[in-house]
Amino acid sequence: MEERARIPVAPPVTNPLSSYWHDPKSHLANVIEPNATKGTQNYDYVVIGSGISGTMTAYNILNTWPDACVVMLEAREVCSGATGRNGGHTKAASYRSYTHHVQELGKEEALKIARLEYANIVETHRMAEDLGLNCESKLCNTVDLIYDKPTFEAGKMAIQMLRVDAEEQEKEEGNAAWYQIHEDIADIQGRFSVAAENSNPTIETKEKLAGAFEYLAGRIHAYRFTTGLLAECVKKGLQLCTNTPVHDIHPSINLDKENGSRWDVCTHHGIFTSKNVIIATNGYTPYIMKELQGAIVPMRGQITAQRPGTSTKLPAPLPTTYSFIYRDGYEYMIPRPLSDGGQHIVIGGGLVRLPQAGPSEYGTVDDSTLNTHISKYLNESLTGYFGAENWGEMSKEEASRRVVQEWTGIMGATTDGRPFVGEVPGKKGLWISAGFNGHGMVLCLKSAEALVKMMEAEGSKGKPEWFPKSFLITQERLGKCNFHGRTDMQVSE
């Protein structure tokens with residue numbers, strides 16, 4: 001895995017697979033602000049990346065400094081990276097990392113992380129409602145279906161630890177420390193329409209259902225949410241430049257006391273000069289910041305949208321979102337209601353079903369191709385988990401049309417499983433919010449809010465009290481980078 005982390009990170013490929021979520025595309029998909037492409041331009045803020053991190057950062061900047069001159073640079077079409085290619089899941093599963101965080105960081109910091117994840121979910125859906133964004137936003141319960149007895153028992157212990165440490169109100173239904181534990185397998189089958197055993201023919205050992213955890217999460221059309229928010233930013237004065245990859249950032253040759261310019265952001269359209277540059281490029285970050293090679297490692301994820309059979313017994317739409325968790329990994333899944341009353345099921349994952357937990361998917365930025373082994377696994381995943389009778393296909397011909405669309409996307413993984421947020425050490429005015437380890441939909445919104453608070457205070461010392469200190473980018477953290485894979489995907493010994 002260390003060898004994969006050393007592969008020089010390349011810019012985004014120019015021919016990515018079409019994302020299920022990009023139909024239809026936003027009217028902003030290929031906007032290039034004409035004035036921004038005329039040689040060297042000076043800005044108050046340059047935001048690199050148009051996913052949820054970059055968009056939320058721009059939104060907070062414009063709300064904080066309404067007269068600021070802000071430009072956003074995107075290498076491809078708007079929101080063409082991880083945000084526009086993810087599984088549509090706003091789900092934290094905080095209990096799964098809580099024990100590790102307590103051991104490594106202490107109870108106070110572990111609680112901050114869990115509370116931030118919960119607040120991020122709630123505020124994402126609240127913002128969608130308040131701004132009237134047409135993005136299929138739905139707060140609902142989720143279920144973790146566990147297919148390994150030791151993993152289920154460890155989960156129960158982690159939930160109990162979180163409950164003991166949390167405040168009383170956080171244990172109330174729908175709050176950050178509220179969990180329902182289900183142990184009756186027959187009840188779980190009836191409640192969540194699943195089979196007692198994962199019968200996916202591509203795995204050697206059939207995995208039996210051991211229990212389930214239910215708690216609050218949500219589903220959302222992340223592309224529509226982000227592009228809707230981006231449209232609000234454009235109304236506030238944001239200049240947008242798509243198809244404008246950044247190739248380098250260096251101290252400005254135009255540095256002077258009058259305009260305070262510090263950084264030159266170099267693109268094929270010209271140089272964008274600014275006192276403040278915000279890097280929101282997640283897995284692609286080491287391409288423009290070579291010193292972060294190995295600190296943030298690109299990781300390719302794969303997702304399918306599938307249609308249940310014509311005789312399906314699944315309620316439409318399924319009332320909860322799902323995760324299917326086995327000994328060494330998991331899949332994540334949401335239902336997507338259709339206008340005809342049916343539903344598509346969006347499921348991603350399968351990484352650790354590959355040999356050695358899939359090192360081939362690390363260190364690559366190629367989202368123009370599929371991993372055929374993951375394709376075979378994901379194709380059979382939903383009939384495996386729900387059972388053929390619940391899934392309801394009546395023929396081989398119908399089964400051959402099960403997958404509506406399949407695509408890949410590039411995430412950013414870090415050694416300790418936490419993002420890098422704040423001012424880059426030793427580089428005043430260079431800010432970052434990246435490395436979300438596949439959990440951006442429960443971290444990016446609040447991380448962007450905290451980042452702009454730090455910018456307002458002119459440094460990471462201005463970190464909001466609620467923001468985890470362990471998320472800050474520091475020289476100490478960078479010095480410890482020795483990548484071995486995602487912390488939530490470690491294969492058991």
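Biologist: What are the ground rules for the numbers?

Modeller: This is a predicted model, where local features need pLDDT of at least 70, side-chain atom pairs count only at pLDDT 80 or more, and totals for chains, interfaces and linings use all residues. Residues are numbered from 1 along each chain as its sequence is written, and side-chain values use heavy atoms, leaving out hydrogens and water.

Biologist: How many disulfides are there, and how do you know?

Modeller: A disulfide is a pair of cysteine sulfur atoms within 2.5 Å. By that rule the count is zero. Take C69: the nearest cysteine sulfur belongs to C241 and is 11 Å away, so C69 is in no disulfide.

Biologist: Are C69 and C135 buried, partly exposed or exposed?

Modeller: Buried means under 20% relative accessible area, exposed over 50%, and partly exposed in between (1.4 Å probe, protein chains only). C69 has 28%, so C69 is partly exposed. C135 has 1%, so C135 is buried.

Biologist: Why is R76 called buried?

Modeller: R76 has a relative accessibility of 7%, which is under the cut-off, so R76 counts as buried. R76 sits in the loop between β2 (70–73) and β3 (89–90). Helices (H or I, at least four residues) and strands (E, at least two) are DSSP runs, numbered from the N terminus.

Biologist: What makes the pairing of R76 and D367 a polar contact?

Modeller: A polar contact needs N or O atoms within 3.5 Å; within protein, one must be able to donate a hydrogen and the other to accept it, and residues adjacent in sequence count only if both atoms are side-chain atoms. The side chains of R76 and D367 make such a contact at 2.9 Å. A polar atom of the R76 side chain also lies 2.9 Å from the backbone oxygen of S80.

Biologist: Which other residues does R76 touch?

Modeller: Contact means heavy atoms within 4.5 Å. Setting aside residues up to four places away in sequence, R76 touches P12, V13, P16, G81, R85, T242, N243, Y284 and D367.

Biologist: Why is L430 called buried?

Modeller: The value for L430 is 2%, so L430 counts as buried. L430 belongs to strand β19 (residues 430–434). Beyond neighbours within four places in sequence, the contacts of L430 include I249, W263, V277, I279 and M289. F272 is 158 residues apart from L430 along the chain, and their C-alpha atoms are separated by 14 Å.

Biologist: Which residues line the largest cavity?

Modeller: Among them are A92, S94, A114, Y118, N175, W178 and Y215. Two elements give two or more residues each: α4 (107–130) and β8 (211–219). The largest share, three residues, comes from α4.

Biologist: How does that lining divide by class?

Modeller: Ala, Val, Leu, Ile, Met, Phe, Trp, Tyr, Cys and Pro count as nonpolar, Asp, Glu, Lys and Arg as charged, and the others, Gly among them, as polar. The lining of the largest cavity has ten nonpolar, two polar and no charged residues.

Biologist: What lines the second largest pocket?

Modeller: That pocket has a volume of about 480 Å³. It has 18 lining residues, and the closest to its centre are T202, I203, E204, V352 and R353. Helix α9 (residues 372–386) gives the most, four residues. By class, the lining has seven nonpolar, four polar and seven charged residues.

Biologist: What is the phi of S193, and is S193 buried or exposed?

Modeller: Phi is about 60°, a positive value, although S193 is not a glycine. At 13% relative accessible area, S193 is buried.

Notes:
1 Å grid on protein atoms, 1.4 Å probe; cavity = no way out; pocket = protein on both sides within 12 Å on 5 of 7 lines; lining within 4 Å. Points joined across faces, edges and corners; volume = space filled by probe spheres on them.
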